[in-house]
Amino acid sequence: MLIHENFNLQPHNSFGVSARSKYFSSVRSLEELQLALQYASERRSPIYVIGEGSNVLFTKDYPGLIIKVALTGVQIDQESGVVRVASGENWHNFVLTCMNAGLHGLENLALIPGSVGAAPVQNIGAYGVELASFVKHVKGLDMSTGKTFVLNASDCCFGYRDSIFKKPEGAKFLISEVTLQLQLDWAPNLSYASLDKEFYEDPVETPQRLFSIVCRVRRRKLPNPKLIGNAGSFFKNPLISVTLLEELKIRHQDIVWFDTDDPNIKKIPAAWLLDKLGWKGRKNGGAEVSATHALVLINAAKATGKEISVLAQRMVASVLDEFGIVLEPEVRIL
Ligand SMILES: Cc1cc2nc3c(=O)[nH]c(=O)nc-3n(C[C@H](O)[C@H](O)[C@H](O)COP(=O)(O)OP(=O)(O)OC[C@H]3O[C@@H](n4cnc5c(N)ncnc54)[C@H](O)[C@@H]3O)c2cc1C
């Protein structure tokens, strides 16, 4: 195991911002992980875990050890549909592997950048599907005690872009392996309106077709982080009370909202709020709000992490001012 000092994090975050960490280690086995943890503990160094860095924003140098999880391996049981996958595997490749093995359900989550290990952290979701519906167990190491943990889906407290791993009690959990129950019979989830439209305009009823439509829609809508630094949607869609929605409808007759499981709570597309306030294309230094998607902040011209976070703070302040709604970042800001 190699520990790098004064390490350049620019290639390890999809915003492509400049930042360095005091120490950095890419761990390929649980033994290497233990050694890295020991190294940090001997130096009383803080630790932060990353996968592929597509949901983090470094606003300054990190004063401790960054552990990049590079554990690999996929075990598929085709009879039961149960799949065990190591956390360092690339998410999109994993979706493809499962589909090719005849196991289904993940097609709507194709092309989400990042690693398998980060997927339960924010309960990744897209086009009407969330990871939580497939999780059997999440396994890993509690870095505060050195003990292993195995959590079942309900222990993970999954919510909308949320889980125990984002809360203080799970913040020290390093995920090493995820076990999913996938579908043996394919039943496409077309609950997301635009997907439904695309699918029926050009119907070929196979999982491969759904997979390629999802990839096509995503490529059309979202900037490729390999070409333009970004982290996808910067903010979560806010949940508000029906009372607030009724108040807002008086001033904004065109407001868009979605029902949730709770009849008293409605979800508002953050992109609608930001678009309404004219945020598309606005800048702060090298940071910019995408001209085509108000929820996506981009590194347009050698932006610093600070410039991106200041732009995000201004967006939050303007939404609060106009709508009385607090936008919460989806991206982890360091
Ligand atoms: C263009 C684009 C589109 C996107 N679209 C979507 C989308 O449709 N839906 C969606 O949900 N997300 C989306 N995202 C966000 C991102 O892809 C996901 O959050 C993804 O799961 C991040 O994976 P990562 O490995 O890059 O995580 P990182 O950015 O490395 O880490 C994210 C968080 O997870 C933690 N973490 C990472 N690995 C582990 C581990 N092994 N154990 C414990 N904690 C860990 C980190 O500490 C950090 O808090 C998009 C991002 C981009 C750039």
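Over which ring does the charged end of Arg-282 sit? The ring is that of Trp-279, and the charged end of Arg-282 is 3.9 Å from its centre. The model is predicted.

**Aromatic pairs**

A search of the whole structure gives 10 aromatic pairs. One of them joins Phe-149 and Phe-165. This pair is tilted, with centres 6.4 Å apart and 40° between the planes. It links distant parts of the chain. Phe-149 belongs to strand β11, residues 147–152. Phe-165 sits in the loop between β11 and β12 (173–181), and the two residues are 16 apart. Phe-149 has 8% relative accessibility; the cut-off for buried is under 20%, so Phe-149 counts as buried. Phe-165, at 5%, counts as buried too.

Phe-149 has another partner, Phe-173. Here the rings are stacked: 4.4 Å centre to centre, with 25° between the planes. This pair also links distant parts of the chain, from Phe-149 in strand β11 to Phe-173 in strand β12, 24 residues apart. Both Phe-149 and Phe-173 are buried.

Elsewhere, ring pairs connect Phe-15, Phe-234 and Phe-235 into a cluster.

**Asn-230**

Asn-230 lies in strand β13, residues 229–233. Is Asn-230 buried or exposed? Its relative accessible area is 3%, so Asn-230 is buried. A polar atom of the Asn-230 side chain lies 2.8 Å from the backbone nitrogen of Gly-232. Beyond its neighbours within four places in sequence, Asn-230 contacts several residues, among them Ser-14, Phe-15, Pro-223 and Asn-224. Its contacts also include Pro-225, Val-296, Leu-297 and Ile-298.

**The ligand site**

How many residues surround the ligand? The number is 36, and the closest are Val-49, Gly-51, Ser-54, Pro-113 and Ser-115.

| Residue | Protein atom | Ligand atom | Distance |
|---|---|---|---|
| Gly-51 | polar backbone atom | oxygen | 2.7 Å |
| Gly-125 | backbone N or O atom | nitrogen | 2.8 Å |
| Arg-332 | polar side-chain atom | oxygen | 3.1 Å |

Taken alone, the ligand exposes 970 Å². The protein buries 94% of that area. Strands β3 (47–50), β8 (125–126), β12 and β13 each give two or more residues to the shell around the ligand. Two of these names have come up already: β12 holds Phe-173, and β13 holds Asn-230.

Note on methods
Residues numbered from 1 in each chain as written. Predicted model: local features only at pLDDT ≥ 70, side-chain atom pairs only at ≥ 80, totals over all residues. Heavy atoms only, no water. Phe/Tyr/Trp six-rings, centres within 6.5 Å; stacked < 30°, edge-to-face > 60°. Helix = DSSP H or I, 4+ residues; strand = E, 2+ residues; numbered from the N terminus. Buried < 20%, exposed > 50% of the residue type's maximum accessible area, 1.4 Å probe, protein only. Lys NZ or Arg CZ within 6 Å of the ring centre and 35° of its normal. Polar contact = N/O pair within 3.5 Å; in protein donor to acceptor, adjacent residues only side chain to side chain. Contact = heavy atoms within 4.5 Å. Near = heavy atom within 4 Å. Areas by Shrake-Rupley, 256 points an atom, 1.4 Å probe, with all protein chains shown as cover.
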